[in-house]
Amino acid sequence: MEYLTKLPEESISLIISYTSPRDACRSSAVSRSMRESADSDAVWRSFLPSDCQDIVSKSSASTSLPLILMPRKELYFYLCHNPICIGNGNMSFSLEKEGGKKCYMIGARDLSIAWGDTSSYWKWKSLPESRFSQVAKLRYVWWLDIKATIETKVLSPETTYEAYFVFKFVESRHGFSQRPVELCVNVEGSEGKEKLRVRLDLPLDMPQDPRPSQRRDGWMEIEMGSFYNEHGDDGTVLCSLMETDNYAIKRGLIVEGIEFRPKS
């Protein structure tokens with residue numbers, strides 16, 4: 001590492017840009033000159049997705065301009081810890097901390113929810129703990145059918161992604177411990193994926209894999225499946241959560257969205 005300090009700053013920055021965010025942070029602790037190179041916009045621009053500035057510009061008007069003006073390192077770590085809503089506000093974007101891969105969550109409003117606009121079955125409401133302006137609260141249904149689609153070209157290439165259903169329950173929930181739901185993730189044109197059958201409302205002492213887990217933001221999540229995004233060519237990923245085999249009433253589910261993030 002010592003020999004690097006004797007090189008021109010531009011050369012040091014170029015070398016560090018071929019490493020990783022973790023290595024860049026370590027390099028910045030070596031010396032003042034290394035810190036100037038390791039923290040430079042040139043280095044951290046290489047760790048950000050090539051279309052990051054375009055994505056950030058689509059965020060809400062109150063945040064997009066300050067984000068665009070941030071130093072690239074500051075922007076990188078901001079996006080790792082603070083998902084931003086983009087487009088119509090029903091999708092969020094963030095970065096995976098280790099390598100800067102793209103993460104997206106499709107909010108409930110942009111999901112396909114059977115009878116989602118029928119007020120006797122679903123209620124749309126605001127929750128302070130949600131990143132979106134509205135979430136979907138299930139009043140009751142017999143037939144549960146929730147789907148999400150995302151284009152592979154917006155995701156990071158050469159990356160294995162996992163899809164997660166993000167939700168919570170109200171205390172008066174019913175029907176989700178008795179019957180499993182069916183989870184499936186499938187890339188358009190590929191062979192059918194194996195479907196998972198899991199219970200969303202599961203006692204801690206009951207074995208199941210996968211099982212719901214608590215997120216840092218207070219919501220619950222369960223893995224729906226995974227897929228490999230090779231080149232990001234034009235294609236579509238379809239995720240579904242269904243329970244249509246039983247005519248028992250289900251109620252008390254709150255849906256925030258379906259998240260796509262790189263496999264850890």
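**Exercise 1.** Determine whether Arg 215 is buried or exposed in this predicted model, and identify the network to which this residue belongs.

*Solution.* Step 1: the relative accessibility of Arg 215 is 12%. Step 2: the cut-off for burial is under 20% relative accessible area, so Arg 215 counts as buried. Step 3: a salt bridge connects Arg 215 with Asp 217, with 3.1 Å between the closest N and O atoms. Step 4: Asp 217, at a relative accessible area of 29%, is partly exposed. Step 5: through salt bridges with shared partners, Arg 215 and Asp 217 belong to one network with Arg 131, Glu 221, Glu 259 and Arg 261.

**Exercise 2.** Describe the salt bridge between Arg 179 and Glu 243 by distance, location and accessibility.

*Solution.* Step 1: the closest N and O atoms of Arg 179 and Glu 243 lie 4.0 Å apart. Step 2: Arg 179 is in the loop between strand 8 and strand 9 (181–187), whereas Glu 243 is in strand 13 (residues 236–243). Step 4: Arg 179 is partly exposed at 27% relative accessible area, while Glu 243 is buried at 3%.

**Exercise 3.** State which parts of the chain are linked by the salt bridge of Arg 173 and Asp 201.

*Solution.* Step 1: the two side chains meet at 2.8 Å, N to O. Step 2: Arg 173 lies in strand 8 (residues 159–174), and Asp 201 in the loop between strand 10 (196–198) and strand 11 (213–214). Step 3: the partners are 28 residues apart, and the pair links distant parts of the chain. Step 4: Arg 173 has a relative accessible area of 35% and is partly exposed.

Key:
Residues numbered from 1 in each chain as written. Predicted model: local features only at pLDDT ≥ 70, side-chain atom pairs only at ≥ 80, totals over all residues. Heavy atoms only, no water. Helix = DSSP H or I, 4+ residues; strand = E, 2+ residues; numbered from the N terminus. Buried < 20%, exposed > 50% of the residue type's maximum accessible area, 1.4 Å probe, protein only.
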